[in-house]
Amino acid sequence: MDDRLISQLRFVLEADRLKHVERRSYLVDGSRRENSAEHSWHLALMALVLMEHADEPVDRLRVLAMLVLHDLVEIDAGDTFLYDVEGRAAKQEAEARAAQRLFGLLPGEQGRELQDLWLEYEVGESADARFARALDRLQPLMLNHASGGATWREHDVTADQVLAVNESIASGSAALWATARDLVADAVGRGYLADPAS
C-alpha cells in the first residue's frame, strides 16, 4: 500500500473509537445511552430527510460532511453535556487539540480540508453550518422527548434551560425551531420538564 492510503486507513480506524464515547441522551426505548458514532449517523440521516427545512440553500454534501466530522474530536476530548455550563466553556481548547491530532493523521491537504469543515461547523456562520448545528441540537431534544425525558429528569433540567440552549436551532431552520418549541411544551405537559413559569 502507498503511504497516502495507509494514512487514510489509519484515520478511519482511529475514527472507530467514536463508538466508545457515551453521550447523555438515551435511545428512544430508554434501554441505554447512545454513543457519539450513533449520534453522527442519526444526524446524517436527519440531514438527508430534513434538508428541505433549511431556511437558506445549503450544500447537502457539505452538511453531511460536517455532521459526520464534528464529533470526531470527542475521541480525545470526550462528550460535554449540553447543560454543563462550565464544561462547555472549557471544551473548546481540548477539541481544537483533538482536531489537530485526528485530522493530522490524514495526508496534508485532505486533513486540512476536513479540519476546515470541522472548524466551519464550530464557528457556525455559514448557512451549511447553521443548518448542521440546528440538526445537532434538535436530535438530542427529540430523543429526550421520545424517552420520556430520561436525561432531563436524571439531571433536573428545566424547560427554560432546554429552550435557552437550543434556541440556536432557529438560525438554521424556523420550522425545526417551531417543532423544538412544540416538543418542549408537550414535555412540560407530560411532566418530563418543569414548566419555566413555575
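Phe11, Val12, Ala15, Asp16, Leu18, Lys19, Ala37, Ser40, Val68, Leu69, Leu72 and Leu114 line the second largest pocket. Here a pocket is an open set of points on a 1 Å grid over the protein atoms alone, where a 1.4 Å probe fits and protein lies on both sides within 12 Å along at least five of seven lines; lining residues have an atom within 4 Å of a point. The model is predicted, so local features need pLDDT of at least 70 and side-chain atom pairs count only at pLDDT 80 or more, while totals for chains, interfaces and linings use all residues. Residues are numbered from 1 along each chain as its sequence is written, and side-chain values use heavy atoms, with hydrogens and water left out.

**The second largest pocket**

- Its volume is about 250 Å³, counted as the space filled by probe spheres set on grid points that are joined across faces, edges and corners.
- Two or more lining residues come from each of α1 (3-15), α2 (36-50) and α3 (60-69); helices are DSSP runs of H or I with at least four residues, strands are runs of E with at least two, and both are numbered from the N terminus.
- Helix α1 gives the largest share, three residues.
- The lining has nine nonpolar, one polar and two charged residues, where Ala, Val, Leu, Ile, Met, Phe, Trp, Tyr, Cys and Pro count as nonpolar, Asp, Glu, Lys and Arg as charged, and the others, Gly among them, as polar.

**The largest pocket**

- This pocket holds about 690 Å³ of space.
- Of its 32 lining residues, Thr80, Leu82, Lys91, Asp136 and Arg137 lie nearest the centre.
- Helix α7 supplies the largest share of the lining, six residues.
- Eleven nonpolar, nine polar and twelve charged residues make up the lining.

**Helices α6 and α7**

- The axes of α6 (residues 108-123) and α7 (residues 127-146) come within 8 Å and cross at roughly 70 degrees; axes are lines fitted to C-alpha atoms, for helices over the stretch in contact, and angles run from 0 to 180 degrees between N-to-C directions.
- So α6 is roughly perpendicular to α7, a label for angles of 65 to 115 degrees.
- Glu120, Tyr121 and Glu122 of α6 meet Asp128, Ala129, Ala132, Arg133 and Asp136 of α7, with contact meaning heavy atoms within 4.5 Å.

**Arg130**

- Arg130 sits in helix α7.
- The side chains of Arg130 and Glu56 are joined by a polar contact of 2.3 Å.

Note on methods:
Parallel < 35°, antiparallel > 145°, perpendicular 65-115°, else oblique. Polar contact = N/O pair within 3.5 Å; in protein donor to acceptor, adjacent residues only side chain to side chain.
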